[in-house]
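Please consult the sequence and the structure shown here alongside the text.

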Amino acid sequence: MAKILFYDLETTGTMFWKNGIHQLSGILEIDGEVKETFNFKMKPNPNAVIDEGALKVANVTIEDIKNYDLDMKKGYDKFISLLSTYVNRYDKKDKIFLCGFRNTGFDDPFLNAFFKQNGDDYFFSWFWSNSLDVNVLATQELKEIRHSLKDFKLSTVAETLGIEVDHNNLHDALYDVELTRLSYHKLCKGQ
């Protein structure tokens, strides 16, 4: 049984050890069927450094994130509650694949740090240690035309794969998750 969490984060900067998460969105699929879609907007870790440039990318302000209903702990609790519905964290054979776009170098370390900031050292009781990364899959698929692409961002990859992209919604975590999931299935030819 393949469990995949297509996910994306919006953060207060690029360094997982000092910046924090302010949006965690995802689509959980089990054997190709969508089981959950979620979009948690939360105040970041109160100790997180906030880079206003990172917030501009996500089209939010410091005031916006300070007014989110969820604090970091409540966001974590909601996420754990969702995961608990689909995974027995005590069963070493029951885990979820994380899947994103460049997630192995960015989102995965941020998500792991988020668990640690909430006093949870058992990140890998929920997730397989080897993630799926659409950027890597796309690199293999598009290697012969890579030189002709303006960049290798999610939007460019999705458009190259024939997916319609709404550029006004980019960098909203849930929209980026939808593009990532569509791209993954195109790259895997529906498998």
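## Basis of the model

The model is predicted, with local features requiring pLDDT of at least 70 and side-chain atom pairs counted only at pLDDT 80 or more, whereas totals for chains, interfaces and linings use all residues. Residues are numbered from 1 along each chain as its sequence is written, and side-chain values use heavy atoms, with hydrogens and water left out.

Five strands form an open sheet in the order 3-2-1-4-5, with mixed pairing. Its edges are strand 3 (33-41) and strand 5 (132-133), each of which pairs on one side only. Strands (E, at least two residues) and helices (H or I, at least four) are DSSP runs numbered from the N terminus, and two strands pair if DSSP finds at least two bridges between them.

Strand 1 and strand 2 pair in the antiparallel sense over 9 bridges, while strand 1 (residues 3-11) and strand 4 (residues 97-100) pair in the parallel sense over 3 bridges. Isoleucine 4 stands opposite glutamate 29 in strand 2 and opposite phenylalanine 97 in strand 4. Strand 2 and strand 3 run antiparallel and are joined by 8 bridges; here leucine 24 stands opposite phenylalanine 40 in strand 3. Strand 2 is mostly covered, with 10 of its 10 residues buried (buried means under 20% relative accessible area, exposed over 50%, and partly exposed in between, with a 1.4 Å probe and protein chains only).

## Helix 3

Helix 3 (residues 72-86) lies across strand 1, strand 2 (21-30) and strand 3, and runs at about 170 degrees to strand 3. Such angles run from 0 to 180 degrees between N-to-C directions, and the axes are lines fitted to C-alpha atoms, for helices over the stretch in contact. The 15 residues of helix 3 reach 22 Å from the first C-alpha to the last, close to the 21 Å expected at 1.5 Å a residue; the expected span is 1.5 Å times one less than the number of residues.

The buried residues of helix 3 are Met72, Gly75, Tyr76, Phe79, Ile80, Leu82, Leu83 and Tyr86. They cover an arc of only 160 degrees around the axis, which puts them on the same side of helix 3; the arc is that of the directions from the helix axis to the C-beta atoms. These buried residues pack against strand 1, strand 2, strand 3 and helix 4 (107-117), where contact means heavy atoms within 4.5 Å.

## Helix 7

Helix 7 (residues 173-187) also has its span close to expectation: 15 residues reach 21 Å, against the 21 Å expected at 1.5 Å a residue. Because 12 of the 15 residues are buried, helix 7 is largely enclosed by the rest of the structure. Among the buried residues are Leu174, Tyr175, Asp176, Arg181 and His185.

## Residues with positive phi

Most residues other than glycine have a negative phi. Aspartate 31 has a positive phi of about 50 degrees although it is not a glycine. This aspartate is found in the loop between strand 2 and strand 3, a hairpin with 2 residues between the strands. Aspartate 31 is exposed, with a relative accessible area of 52%.

Asparagine 59 has a positive phi near 60 degrees and is placed in the loop between helix 1 (52-57) and helix 2 (62-66). Asparagine 59 is exposed as well, with a relative accessible area of 69%. Just after helix 7, lysine 189 takes a positive phi of about 55 degrees.
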